[in-house]
Amino acid sequence: MGTTLTFDMIQAARDNLQGIIKETDLFYAEKFSEETGVALHLKLENLQKAGSFKIRGAYNKMLHLSEAEKAAGVVASSAGNHAQGVAISATKLGIKSTIVMPKNAPFAKISATKNNGAHVVLEGYGYDEAYEKAKIIQKETGATFVHPFNDPYVIAGQGTIAFEMLEAQPDLDVIIVPIGGGGLAAGVALAAKQIKPSIRIIGVQSENAPAMYEALQSDKLEHVPVTRTIADGIAIAHPGELTFPLIQTYVDDIMTVSETQLSEAFLFLLESCNLVCEGAGTVSVAALINNVERFKGQQVGAVLSGGNIDINLIESVINHALVSTGRRTQIKTVVSHQPGELARLFACISECGGNVLSIYQNRNRKGLSMYQMGVTLVIEAIDASHKAAIFDQLTHHGYTFYESHTQTN
């Protein structure tokens, strides 16, 4: 790249971004903090312009282009958030932008990128294919490639988050931050350690896309296959050559989280904090709520990196979380096909406070006699212990049933 990231660059980026970005709130999660003994402060980059932190790095990068480079335009590849950050920044600066996005990127992100002034090219079904196409366009047009994470000016822009967090809450002991390619974590970690050397930085990845985690384990960068994850914004198979040594130096640990943990964190943020985050934006909270004992008695800042979740995904994420926490379940049983039997079944469930959300009756299932009826129920419970009490009640009243893995909406 020809430029090494420094603390001075992050300080300069903060000046560059004044009046351009939102200085997002550091929200104190009071109820969670009181219940767990972990003082949790959420950095609301999900409420940043374009719905993520990405505008910070994109705008800072483009401010450093020469007049000739600005005239030639910029090109970038992104699944969504970096695309919007580049599009908005380029439009503000009067620069032509071309963004290559995967064909399976959410329609809302594609539309938003176009609406923010970019020319969108759809290529491939993941970031890496989009990246290769963007590099071809860059060579053909002479445009400047704006990398989402492997660029010192981009990383410097992302690092400005650390200033805001530590000014809002100087007592932070830990900052937990998502890691994909590593730009956000590298910038925040370098800045935070310079401002407050005692602070610890914890990075978090999806266990379905653990490239940086694996790199730290093996002490080398390698291509790590990505499997499907709702944290698509950090689903990077090969982290940055520039970010890797910065993370080795300044990040204290990296944790991974499962898809179930991500869905439960999404539901927690929605219900307890009235906040909507995309999958990548929930990873910091997912790591915390599944490792509360590790952070007891500490002041913890968690970066919610983005809020641009595909609206069509929300129902599936919530339903998965409700099922995994025991608040929703589907059971199958058999009752006599005669008047009053369904009412008796419903009464049994309602006696201990269960709620039937849906029912499907079937007399044509193999193994049923002509006097029987198969019943599939979706039941709502308060929590896992309440679900167990409902099951005990059913068993006590003589019902034989099993819990189905296939959940209905």
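**Figure 1. Helices α1 and α8 in the predicted model.** In this predicted model, the axes of helix α1 (residues 7-16) and helix α8 come within 8 Å and cross at roughly 75°. An angle from 65 to 115 degrees counts as roughly perpendicular, and α1 and α8 are therefore roughly perpendicular to each other. On the α1 side, the contact is made by Phe7, Met9, Ile10, Gln11, Ala13 and Arg14. On the α8 side, the contributing residues are Pro152, Tyr153, Ala156, Gly157, Gly159, Thr160, Phe163, Glu164 and Glu167.

**Figure 2. The crossing of helices α3 and α8.** Helix α3 (residues 54-63) also meets α8, with axes that come within 7 Å and cross at roughly 130°. The two helices are therefore oblique to each other. The crossing in which α3 passes α8 is right-handed. From α3, the residues Lys54, Arg56, Gly57, Asn60 and Lys61 take part in the contact. Their counterparts in α8 are Tyr153, Val154, Ala156, Gly157, Gln158, Thr160, Ile161 and Glu164. This contact between α3 and α8 comprises four nonpolar, five polar and four charged residues.

**Figure 3. The six-stranded sheet.** Six strands form an open sheet with mixed pairing, arranged in the order β1-β2-β10-β7-β8-β9. Strands β1 (26-28) and β9 (253-257) each have a single partner strand, so one side of each is left without a neighbour in the sheet. On average, neighbouring strands of this sheet are turned by 25° against each other, direction ignored.

Figure 4. Helix α8 (residues 152-168) lies across β1, β2, β7 (174-178) and β10 (299-304). The direction of α8 is at about 145° to that of β10. Helix α9 (residues 183-195) packs on the sheet as well, where α9 touches β7, β8 (200-206) and β10. The direction of α9 makes about 165° with that of β7.

**Figure 5. The four-stranded sheet.** A further open sheet is formed by four strands in the order β12-β13-β11-β14, with antiparallel pairing. Its edge strands are β12 and β14 (401-404), each of which pairs on one side only. Neighbouring strands here are turned by 25° against each other on average, direction ignored. Four bridges connect β11 to β14, and glutamine 330 stands opposite serine 404 in β14. Helix α16 (residues 384-396) packs on this sheet and touches β11, β13 and β14. The direction of α16 makes about 150° with that of β14.

**Figure 6. Strand β13 and its two partners.** In strand β13 (residues 372-380), seven of the nine residues are buried, so the strand is largely enclosed by the rest of the structure. Strand β11 (residues 328-336) pairs with β13 in the antiparallel sense over nine bridges. In this pairing, valine 335 has methionine 373 of β13 as its bridge partner. Strand β12 (residues 355-362) is likewise antiparallel to β13, and seven bridges link these two strands. Here, the bridge partner of valine 356 is isoleucine 379 in β13.

Conventions:
Residues are numbered from 1 along each chain as its sequence is written. This is a predicted model: local features need pLDDT of at least 70, side-chain atom pairs count only at pLDDT 80 or more; totals for chains, interfaces and linings use all residues. Side-chain values use heavy atoms; hydrogens and water are left out. Two strands pair if DSSP finds at least two bridges between them. Axes are lines fitted to C-alpha atoms, for helices over the stretch in contact, and angles run from 0 to 180 degrees between N-to-C directions. Contact means heavy atoms within 4.5 Å. Angles under 35 degrees count as roughly parallel, over 145 as roughly antiparallel, 65 to 115 as roughly perpendicular and the rest as oblique. A crossing is left-handed if the near helix is turned anticlockwise from the far one by less than a right angle, and right-handed if clockwise. Ala, Val, Leu, Ile, Met, Phe, Trp, Tyr, Cys and Pro count as nonpolar, Asp, Glu, Lys and Arg as charged, and the others, Gly among them, as polar. Buried means under 20% relative accessible area, exposed over 50%, partly exposed in between (1.4 Å probe, protein chains only).
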